Number of protein chains: 2
Amino acid sequence: MKVVIIGGGAAGMACASRVKALKPEWDVKVFEATSFVSHAPCGIPYAIEFGFGSEKLIYYKPEVFIEKRGIDLHMNSKVVELEYGKVRVEENGRERSYDWDKLLIATGASPKLPKIEGIDLDNILTVDLPPDVEKISKVSKKAEDIVIVGAGYIGIEMAEAFSTIGKKVTVVEMEDKPLPQYDKEITDIIKREMEKYVNLRLNERIVSFEGRDAVRRVITDKGEYPADLVIVAVGVKPNVELAKMLDVELGITGAIKTDERMRTNVENVYSAGDCAETKHIVTGKPVWSPLAPPSNKMGYVAGANMAGIDIKFPGVLGTQLTKFHNLQIAKTGLTEKEAIEEGYDIVKAFIEANTKVHYYPTSKKIYIKTIAEKNKKKLLGAQVVGYDDVAMRVNIFATAIQAGFTTKDLFFTDLGYAPPFTPIWDPVIVSARVLRF
Amino acid sequence: MKVVIIGGGAAGMACASRVKALKPEWDVKVFEATSFVSHAPCGIPYAIEFGFGSEKLIYYKPEVFIEKRGIDLHMNSKVVELEYGKVRVEENGRERSYDWDKLLIATGASPKLPKIEGIDLDNILTVDLPPDVEKISKVSKKAEDIVIVGAGYIGIEMAEAFSTIGKKVTVVEMEDKPLPQYDKEITDIIKREMEKYVNLRLNERIVSFEGRDAVRRVITDKGEYPADLVIVAVGVKPNVELAKMLDVELGITGAIKTDERMRTNVENVYSAGDCAETKHIVTGKPVWSPLAPPSNKMGYVAGANMAGIDIKFPGVLGTQLTKFHNLQIAKTGLTEKEAIEEGYDIVKAFIEANTKVHYYPTSKKIYIKTIAEKNKKKLLGAQVVGYDDVAMRVNIFATAIQAGFTTKDLFFTDLGYAPPFTPIWDPVIVSARVLRF
């Protein structure tokens with residue numbers, strides 16, 4: 001059996017590893033366009049902040065996959081054409097064809113580049129693949145003023161990195177709040193924290209980038225900012241060009257439509273990772289959530305199903321986690337805005353609490369917004385910001401929402417307590433109580 | 001309606017507050033034998049470690065309950081006799097009777113004091129009520145050598161406190177491991193950590209305490225240790241003397257038998273907190289788990305039911321959390337030993353992992369032991385030790401076990417990921433994978 005996997009990112013390598021673990025005798029080929037495997041942009045801001053090179057971002061080297069797992073991994077190999085049963089690859093300067101019986105499309109996602117005057121100037125960069133670490137460092141070392149376009153996750157993580165290493169940072173966001181997918185109670189706190197470290201420009205649109213060869217100024221509809229380096233972080237788009245060649249159906253999100261076994265509409269063709277659509281566990285509707293953990297799991301599920309193990313990927317809650325300097329930020333499930341758009345009749349709670357018992361010296365402030373369905377009191381979503389232990393709280397909520405918990409179920413969850421870690425009534429439990437049963 | 005609550009600890013005050021919130025017109029009396037309310041021993045080790053007084057352990061002063069919540073709170077009032085409809089109280093140097101229509105027995109638990117020669121010597125103390133902070137500090141300030149009897153939670157927390165403030169600490173435990181309720185893979189790690197800071201004597205029994213007025217030496221079956229202060233921390237026993245006066249039935253654990261509404265066998269008599277038995281969520285069997293969060297919730301449930309709201313307490317997982325210096329320690333659900341004793345056919349996993357992505361500078365080691373039922377792969381328990389983020393992991397497990405998750409459910413739980421907080425495959429998810437689906 002010949003398996004071809006297009007893309008050696010998280011999903012592709014998870015799938016390849018799973019297939020080889022279950023069917024060691026199968027021929028599993030992975031074509032990866034770059035010289036990195038299992039790559040993800042998530043480490044890039046921290047490589048800049050702490051000053052290490054892209055090689056450190058890689059957990060497993062290609063040799064591990066080739067030698068230990070028996071995967072026929074082709075690096076720097078770009079798939080240029082796809083037809084049923086065959087794939088055409090550009091590698092080592094020439095093109096070659098390979099046959100396949102089963103195919104995984106794991107082509108990932110790429111940064112969007114808006115069509116703005118001057119976007120092709122030098123030193124306007126995106127955050128995508130490991131080598132971007134070196135590209136960005138090289139420019140940022142000499143840069144004084146840096147403009148970041150977009151206050152999404154990558155935008156604020158890069159803003160943290162550059163302000164930590166002493167750069168003057170301007171963040172330009174066209175929405176009226178940073179991380180606009182969050183509700184306002186939460187973004188108000190994020191905004192205050194960002195304003196301590198960077199020049200945060202909200203409700204502002206980029207008009208053009210100016211400079212001779214390299215960018216020097218960013219012009220917006222409200223002002224102009226000096227810039228030796230511009231990071232464009234206005235979101236990503238799924239890479240679906242190859243899928244289209246095979247008439248693989250796209251979903252309403254624009255990503256590749258998949259079922260719970262990660263199968264596409266074309267027989268023996270699977271898709272997983274940042275190019276694939278999945279299901280939202282709360283709404284049951286299609287969602288596109290290009291994040292590393294679901295990518296890995298989708299790859300695992302695709303690989304298992306290819307190898308004959310019937311296993312379903314249940315979908316995602318859209319759980320997200322980040323930080324900006326001391327402020328930790330997370331969400332899972334639906335925001336108030338999303339819940340209302342989905343037609344839910346909701347109750348909501350917003351609490352301020354301490355992360356630990358009041359007398360413990362390292363206790364910090366934490367803020368939680370929760371949403372539940374009004375009648376049955378089923379939990380729909382939670383947003384958490386605070387100065388410590390935010391990951392813990394969002395993960396309790398994620399587990400509870402995944403389980404279909406009501407507010408009462410959450411209230412009675414027997415969480416651990418000890419003064420160095422939590423108050424007696426954990427803020428999660430208090431949230432459940434405030435939402436009422 | 002006259003409600004009498006015996007005991008102003010966590011359960012008693014939670015019950016009183018709930019009844020008054022639902023039935024403001026009812027007469028709610030609380031009789032508390034000490035001059036503290038909502039007290040718990042959990043803060044005492046940290047008061048010693050950080051050097052603050054017992055007043056700081058109290059979150060709500062009695063006035064809050066009296067003035068804001070309208071509770072008729074009697075401090076320093078000891079219930080000396082209990083009969084149906086009547087309670088006899090010793091307060092302000094005289095005895096008085098009060099009538100009741102509904103009663104809560106929330107008499108808590110007290111430290112066990114083994115019958116050992118010399119146990120009545122001065123400077124042999126227990127960790128129980130807030131004033132113990134001052135008693136212990138007074139002696140420990142002048143003490144050089146301290147012996148702690150028992151390596152349970154309070155024993156190891158006091159050992160951390162005294163070793164932090166520069167005392168020479170010996171911990172004597174009769175079992176062959178510290179925190180003997182944990183499995184050996186976990187206690188081996190705890191043992192190594194403890195041996196860095198204290199003289200840990202396992203498999204050793206106290207024979208006698210020696211001294212003139214105050215203790216000076218502790219004699220065991222294997223040696224003798226100098227001691228200017230001895231802390232006896234060999235466990236607690238439920239305070240059930242008053243319950244017996246009313247023929248309230250005790251359960252097989254020796255604590256007061258209750259149903260899911262916290263009712264005892266005697267009509268209109270409820271019990272909650274450290275004196276009450278409850279149900280283990282995994283086994284469905286009676287369990288006695290004298291810990292602050294379930295005590296609070298039992299009090300809440302008792303109060304709601306007294307006031308006519310039908311709400312059930314689902315029981316506990318026995319989730320526990322502590323630390324010894326840098327090592328954080330937690331468990332939830334069943335250990336391997338407990339699961340086997342309960343007759344489960346089990347699978348188990350023990351993993352060593354990183355708390356965060358490998359390149360993040362603050363990543364630490366964490367160790368997780370998990371137990372699942374062999375056929376259906378239902379999660380039964382988890383034990384976690386490590387140098388960071390243990391509370392997060394045990395709380396994910398607690399929520400998952402409370403929800404009745406299988407290993408597959410846990411594997412697919414959409415937990416948050418970001419390099420400063422977690423690896424892409426969280427150790428919890430890896431545990432699920434290692435247990436297999």
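# Reading strands, helices and a chain pair

Q: Which residue of S15(B) is the bridge partner of B:Ile219?
A: In S15(B), the partner of B:Ile219 is B:Glu224. The model is a predicted one.

Q: How should I read the pairing of strands, and how many bridges join S14(B) and S15(B)?
A: In general, strands of a sheet pair through backbone hydrogen bonds, and the pairing is either parallel or antiparallel. Here strand S14 (residues 215–220) of chain B pairs with S15(B) in the antiparallel sense, over three bridges.

Q: What is the strand order of the open sheet that holds S13, S14 and S15 of chain B?
A: The order is S13-S14-S15, and the pairing is antiparallel. Strand S13 (206–211) and strand S15 (224–226) of chain B are at the edges, each with a single partner strand, so one side of each has no neighbour in the sheet. Direction ignored, neighbouring strands are turned by 20° against each other on average.

Q: How are S13(B) and S14(B) connected, and through how many residues?
A: They are joined by a hairpin through three residues. The two strands pair in the antiparallel sense over five bridges. As one example, B:Ile206 has B:Thr220 in S14(B) as its bridge partner.

Q: What describes two packed helices, and what are the values for H1 and H8 of chain B?
A: Two packed helices are described by the angle between their axes and the distance between the axes. For helix H1 (residues 10–22) and helix H8 (residues 292–306) of chain B, the axes come within 7 Å and cross at roughly 30°. Angles under 35 degrees count as roughly parallel, and H1(B) and H8(B) are therefore roughly parallel to each other. Their crossing is right-handed. Residues in the contact include B:Ala14 and B:Arg18 of H1(B) and B:Gly299 and B:Tyr300 of H8(B). By class, the contact has 14 nonpolar, six polar and one charged residues.

Q: How should I read two copies of a chain, and what rotation superposes chain A on chain B?
A: Two copies of a chain are related by a rotation about an axis and a shift along it. In this model, a rotation of 180° with 0.0 Å of shift along its axis superposes chain A on chain B, with an RMSD of 0.0 Å. That is the relation of a two-fold axis. The C-alpha of chain A nearest the axis is that of A:Met392, 2.2 Å from it.

Q: How many residues of chain A are in contact with chain B?
A: 55 residues of chain A are in contact with 55 residues of chain B. Elements that give two or more residues to this side of chain A include helix H2 (44–50), helix H8 (292–306) and helix H10 (390–402). The largest share, nine residues, comes from H10(A). By class, this side of chain A has 38 nonpolar, 13 polar and four charged residues. 100% of the interface residues of chain A are also interface residues in chain B, so the copies meet through the same surface.

Q: At what angle do H10(A) and H10(B) pack?
A: The angle is about 15°, with the axes 9 Å apart. H10(A) and H10(B) are therefore roughly parallel to each other, and their crossing is right-handed. The contact includes A:Met392, A:Asn395 and A:Ile396 of H10(A) and B:Met392, B:Asn395 and B:Ile396 of H10(B). Its residues divide into eight nonpolar, four polar and no charged.

Definitions and conventions:
Residues numbered from 1 in each chain as written. Chains lettered and ligands numbered in written order. Predicted model: local features only at pLDDT ≥ 70, side-chain atom pairs only at ≥ 80, totals over all residues. Contact = placed C-beta atoms within 7 Å. Helix = DSSP H or I, 4+ residues; strand = E, 2+ residues; numbered from the N terminus. Nonpolar A, V, L, I, M, F, W, Y, C, P; charged D, E, K, R; others polar. Axes fitted to C-alpha atoms, helices over the stretch in contact; angles between N-to-C directions. Parallel < 35°, antiparallel > 145°, perpendicular 65-115°, else oblique. Left-handed = near helix turned anticlockwise from the far one by under 90°. Least-squares fit on C-alpha atoms with pLDDT ≥ 70 in both. Pairing = 2+ DSSP bridges.
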